[in-house]
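Colleague: Before we go through this model, could you take me through the pairing in one of its sheets, and then through the confidence values?

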Amino acid sequence: MIFSRLKERWRLVTLVALLIVLGIWKVAMAASNVGYSPAQPIPFSHKLHAGVNHIPCQYCHAGVDRDTESPIPPLNVCMGCHSVVDANKPVIQKIAAAYKAGKPIQWVRVYDLPQFVKFAHRWHIAAGVACQTCHGPVQDMNQIRQYREFVMGECIACHRSQTYLPAPADKVHRNLATYHGHEVNAKTECSTCHN
Amino acid sequence: MSEKRFWTTLEDLHNDPKVEQLRGEEFAGKPEEFFNAQSNGGLQVGRREFMKWSAGAMALVSAACSRKRVDHLVPYAQQPEEILPGVEVFYASTCSECAAGCGLLVRTREGRPVKVEGNPLHPVNQGTLCARGQASLMNLYDPDRLRTPMRIGRGQQSAQLDWGTVDKELANVLRTAGKRSVLLTGTIHGPARTQLLSDFTAQFGTRQVTYDYLNADALAGGQQQAYGAAVVPRYYFDRAEMLVTFGADPLGSGISRQEYAVGFGVQRKVRTENGKAATSRTVCFEPAMSMTGVNADTRFLVRPTDLVDVALAIAHHLVVAQKQSSFAGAAGVGAALGNFSTQQVAQRTGVPQTQLEKVANQLWDNRGKSIVLAGGLPGATQDEAALHAAANFLNAVLGNEGATIDGSRSVSQQAQGSLADMLALVQQMQGGQVDVLLIYGTNPAYTLPPAVNFQGALKNVKYVAVIGDHLDETARLADVAIPALHGMESWGDAEPQKGLYSIVQPTILPLFNGRSFEDTLISVARTADPTKFQMPQVTPPPPVFASEAAAPAAGGPPAAAGAGAAPAPKPTLVDMDFHDYLIQVWKTNIYAKNNLAGTFEDFWTSVLRDGVFDPDATRLQPGPARKFNAAALTSLPALKAPRGNTQVPANHLMLALTVSPMMGDGSRNNNGFLFEASDPVSKVVWDNFLSISPATAAKYKLEQGDILEVAVNGATLQAPVWLQPGVHAEVMTLQVGYGRQHVGSVGDGVGVNAYPLAQVNGNTAQYAGFVVPIKKVGSGFRLVSPQGNSYLHGRHIIHDTTLEQFQANPRAGNEEGHEQPLSIWDNADGSHEHPYPGYRWGMTIDLNACIGCNACVVACHAENNVPVVGKNQIERGREMDWIRIDRYYSGPVDNPDVSNQPMLCQQCGHAGCESVCPVLATVHNDEGLNLQVYNRCVGTRFCSNNCIYKVRRFNFYQYSDYYPYSKYTDSFTRFTPHMAYGDTDHNWRESPLELALNPDVTVRSRGVMEKCSFCVQRITAAHYKSQELGVPIPDGGVKTACQQTCPTRAIVFGNMNDPNSAVRRARDTRSYRVLEDYNFQPSIDYLTRVRNRAPRPDELREKPRPEHAEQGENKGIHAQASLAPAQSGLVQLRPMENKA
């Protein structure tokens, strides 16, 4: 009697443990988005724009040096060129129609951070970090694809190893850099990204 | 030596065993509703069942999708120039929550308001904002707002209308009714708005009547008697070194309470005058504790009917007994005051004669720099006119008129409603003289007593339209209900005081199918007469700015433009909206009349930027003194037969209505922020109640939560009893502003509506002085107060002293000095100090200035996405406030002193929380902050258990799902509605409430600990800015949300590493740290409360308490141990007891 009960309990424990392991694995897999490259409503090619035609990133993603978010270009930016360039192509006409109708394009999001991470592009732009450091060789991608895993380890590794210091007048960070004898280049304390 | 005793609740005072039991419990209750729900009649879930569910849930999770959901990025089609995603934009505007007309800075992100702050340029609120203003976002995003025009058919129908139908219908009925139509509004001021009203009423022959929830008839009437003009004066609290109130509550429910509070704070700060410390003095004569009474230096308990006696006694002492002022010996004055010698009044009212004379003498010493204020609802007895006459007389005697009171130059326009006009209107409605009634911004069905029979009179009106934000009590009686816009969606203006112009500008497009009240008027007027509200428009449209006009028009024929030979295009008329009208009125009425140098475009840009236009420099001074008409006093019939001896028989109490400092008049009650921020006096949340003194309750065997039936002239209601220290023994009070029937799912049915208890005598209303029998009809009502969730246990948390003692000893009340020899930091180089190389953030809070208004609490909710959890959760000790105002009593229980203490995370240098977190979710940073990392937190709650300040908050549920809306927020109330308020089909997390969330702050989820972060998101933003500019963050460069909104500037925040920072300069001999003995080294210093009155016997400390400085050299652990016995029973950092 007692024995069978024990057995039952063990069976339950094993089952629950298995489910937990399975669950954690699944969740962990879900968190990694590397290689995610969904089809977009407009087959926009970064390769053509940034690669072949050498248009600088910030020509379209203007404001990334002032924003916390990297701005996805509004349609008026597209139409700045495409009201003339390739204006007769069907895909451009689709954009033009959307622009005229005032209906924005719903791009599928590739890079995503949880809401408890407060990432700001502007510090990184100010520090001279190339877009490609995190976003990969965008200029070679026809369809945008997630280049690397966006996990905290990657952020921290960079903050520890790289010597990006923006404003030379910033005493705080210079002090931080030498604090505790080891080099801390960018802030790694929690409130840098979490609040 | 007798140690002065502070206490928070009556249980605390009487050493109730419950308090002792709470000592070991971190949170007041266990999660009993799940496992032990049988007692609640709720879910009956056993442990095994729970396991089954958990296993099932886990299996489901495992089988669920293997990658994240597809999300979309939606850029603008045409990005507005001023908007960058993630960058805030501020707009200057004017608060629309009440008619006080405070200036706002609305912080918007991506085109939606996420926070409102006070406009520093605005002279009314001077950069601060009250709790109601801070909570206005909830009213903007309220899902229960009226979304579209509706045909109500007097409550019989419910059909949507389109705007065209509304315009035609209103135009038709108004044209037909002509002079038999009435526009009934609340107080409306502002040049364009009033101009529009007069244009509109002139067109149709409509009459306008102004009636507010609470009206200042009596105050204005008293002014008319005394000075000949019915005005509401402007009070200069910042010039008043002494404030005496008779029933009035200027800080809690004053007409311009934020302005009063700012001024009060200026005078209340301890300063040095002639080499001596000085502060203002506040004396309150009141029947029950008001918010002003909480902050009084001296309070006297006076029944509402006795207030006039006391006021006249003070006048008698000054003018008759002491023969002071020019009124001494004036004809009739001596005779009029004959019945009111201090001796007689002392006998009648029980206020000691010496005290009356003392207050009178103090007033005389402060003549010309004091304010005597009477009224409020507790003063609205049958003798209200006499009370106002007495107060006006006192101000005249003291020369305050023209020195602290302005009744002649820039008078207040913030309360124009008239009950008398409303009563006359009801008479006319009854008599069938009104065919069409248009109602906006007022709610007579809620506020008028049933004896007035507004509803019956409404039946005689052929057509009733209500324009408003909710389908409220009045709108349900109308033919059509028409939505209006929130102030943050519409254009408008305000003129709170004569000559002070303030602009309302929209910060978001209308959320629903709404249209502003003003645009509705314009549209209706134009439908009736197409020639109205037209303006000439030339083609192409004129440039908005002159600079654009100078540039040649793109694409246009340059020759024609350059030569100017072509004839000017013939103007065509186009429809005008209120924005055009507003600009036109400001151009003709304000710009043109002020002889300004620049163009109108420059002027208009500056107005939109500043939000306010205050051209009249003389407004800094009160206008010239008006002459007091002695007949106002001498002709009063009440003076012949004083009512001071009104008898209250046994088993009866005298009822006085009061105004809730949080809910105000009750007009904006669908607001969880305000219900959740506890009442400043009682600390009760989510209810109103009958306040009764503990002694009286004991006499009549009443207990807290007993339900009494109160009947006044046919109006009957039932309300629970709350035992409130500081209430007159023969008095009970009840707050108006609760008990809405139809305002929305948050406010409906919270508390009881006390407005019907008002009694209309002729054309005035009586709100106090009813003698009612005590009739107990029930018991066991749960009144919930978070103040009982943590107790003092004898700890010395509040430091206070009296001015006398403070002048003699700058460390009075704050004698406990502490050497703190120990450090928990053990650095590699052998030092024991945590380095704070750049900034170290700290705060100084002046207990003398804090008035307990809760503005900081609500501001913190709005800034930091702090959820509203509801009454049930607060009862279990699960309130989520990151900052709270602890209210402590001291002294005699029948009339105690009160101390307010804002309590928030102290950001300790030696934080108890940090050292016990098993997952490093709370860590120290190099700027002295205790960071809380939500994504690391696993919810052990060890930190909260170890926190001696009890400022950590745990998310027992996914409160954010209901943010910030719910009064229920028990997950399980969805299934067991009787556990909440009886609501069964509430729509959870309704749009558009989520738009109110601050995108800079993480929304916390279930199982996570959270706490005050010193607004770390603002600190981070300041770092951005300093890095960009290459300069350090200046002093004042970071303002926390609580500091920013504080009307009395009690909170100062800044860099403690900078010896010249405001936060360091604010620290003086009054500084102390709460529970300093523990060596937690908090970053917040409090400044001792200095009361401007004679010390009581128990306040005369014989000598300082023993210090432990001699042990300062010992850096071993023994030193800490030696602290413990001195504070026996204090060091009880025991681990959480598992009682489950």
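Predicted model: local features only at pLDDT ≥ 70, side-chain atom pairs only at ≥ 80, totals over all residues.

Colleague: Why are strand 11 and strand 14 of chain B said to pair?

Modeller: Two strands pair if DSSP finds at least two bridges between them; strand 11 (residues 242-246) and strand 14 (residues 281-286) of chain B have five bridges, in the parallel sense, and therefore pair.

Colleague: What makes strand 15 and strand 16 of chain B edge strands?

Modeller: The open sheet has the order 15-14-11-16 in chain B, with parallel pairing, and strand 15 (298-301) and strand 16 (370-374) of chain B each pair on one side only.

Colleague: Which strands of chain B does helix 16 touch?

Modeller: Helix 16 (residues 353-365) of chain B touches strand 11, strand 14, strand 15 and strand 16 of chain B, where a contact requires C-beta atoms, placed from the backbone, within 7 Å.

Colleague: How confident is the predictor in chain B, by average pLDDT?

Modeller: On a scale from 0 to 100 for each residue, chain B averages 82, and 84% of the residues score at least 70; over residues 31-43 of chain B, however, the pLDDT is below 50.

Technical notes: Residues numbered from 1 in each chain as written. Chains lettered and ligands numbered in written order. Helix = DSSP H or I, 4+ residues; strand = E, 2+ residues; numbered from the N terminus. Contact = placed C-beta atoms within 7 Å. Axes fitted to C-alpha atoms, helices over the stretch in contact; angles between N-to-C directions.
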